[in-house]
2 protein chains.
Amino acid sequence: MTTPENQPTIDRLAALCKALGHPVRINILHQLLREDRCICGRIVEILPLAQSTVSQHLKVLKEAGLIIGEVEGPKTCYCVDKVQLAALATAISALLPEIKLEQI
Amino acid sequence: MTTPENQPTIDRLAALCKALGHPVRINILHQLLREDRCICGRIVEILPLAQSTVSQHLKVLKEAGLIIGEVEGPKTCYCVDKVQLAALATAISALLPEIKLEQI
DNA sequence: ATCATTAATCGTTAAATTACGATAAGCGAT
DNA sequence: ATCGCTTATCGTAATTTAACGATTAATGAT
């Protein structure tokens, strides 16, 4: 059995985890949740990273579907797609369906 | 603010996500959960990958603390650390504390 | 029309990841 | 003591990632 039936689901979960798999991107998510929505420049001003680097991380998060970016004039405003983030938490929980939380 | 107070927590979360950020490693977790515990060779026989590659992925999961490996003679038996996996799900959920699940 | 601001993209470099075959190491059985 | 089985590690090559500065593109204001 080289390819489980639900490989697309697995690939999707892996992609989401991969996008979260860098401290800077978790920090960005944190900041977006804290301020609800942020201009790219706001994040640049908070993190000790070049603008191009922040933009790259935002791109990764956006392509994974974890954040949404809407252009507002010359600026781009980002916010977390909470549905996707919640779905990720649910998907990870669902990996261990047989476990009752009280057992752990 | 270049360094949030809870940076170690953030780094830990990122490390866990990074470990899960590859389809093969999710497949391995799946298999370990399905059979409860597995010899390395069992996983090699299921996945279309070389033994050294599987061993490498197991190492990544083990170093992240998501699986536990115990040597049994010449074999090594792996199983998921369900506490850690549950903690990961909880940590991701905790990113959005203000949200009630009914809202989404 | 020009200018300033903002963000995305390009090009580059260094480092990390992934995959493999080959080899080594550990253990049980003969 | 040796052999066979199992797994970890080594060495390597190809790909991807992460970071940066520089440039481009787009918009709003002058």
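This report describes a sheet in chain A and a helix pair in chain B.

## Basis

The model is predicted: local features need pLDDT of at least 70, side-chain atom pairs count only at pLDDT 80 or more, and totals for chains, interfaces and linings use all residues. Residues are numbered from 1 along each chain as its sequence is written, chains are lettered from A and ligands numbered from 1 in the order in which they are written, and side-chain values use heavy atoms, with hydrogens and water left out.

## The sheet of chain A

In chain A, 3 strands form an open antiparallel sheet in the order 1-3-2. Strand 1 (38-39) and strand 2 (67-72) of chain A are at the edges with a single partner strand each, so one side of each has no neighbour in the sheet. Helices (H or I, at least four residues) and strands (E, at least two) are DSSP runs, numbered from the N terminus; two strands pair if DSSP finds at least two bridges between them.

Strand 1 of chain A pairs with strand 3 (residues 75-80) of chain A over 2 bridges, in the antiparallel sense. Here A:Cys38 is opposite A:Tyr78 in strand 3 of chain A.

## Helices 2 and 4 of chain B

The axes of helix 2 (residues 23-35) and helix 4 (residues 51-63) of chain B come within 10 Å and cross at roughly 75°. Axes are lines fitted to C-alpha atoms, for helices over the stretch in contact, with angles from 0 to 180 degrees between N-to-C directions. Helix 2 of chain B and helix 4 of chain B are therefore roughly perpendicular (65 to 115 degrees; under 35 is roughly parallel, over 145 roughly antiparallel, the rest oblique).

B:Val24, B:Arg25 and B:Ile28 in helix 2 of chain B meet B:His57, B:Leu58, B:Val60 and B:Leu61 in helix 4 of chain B (contact means heavy atoms within 4.5 Å).
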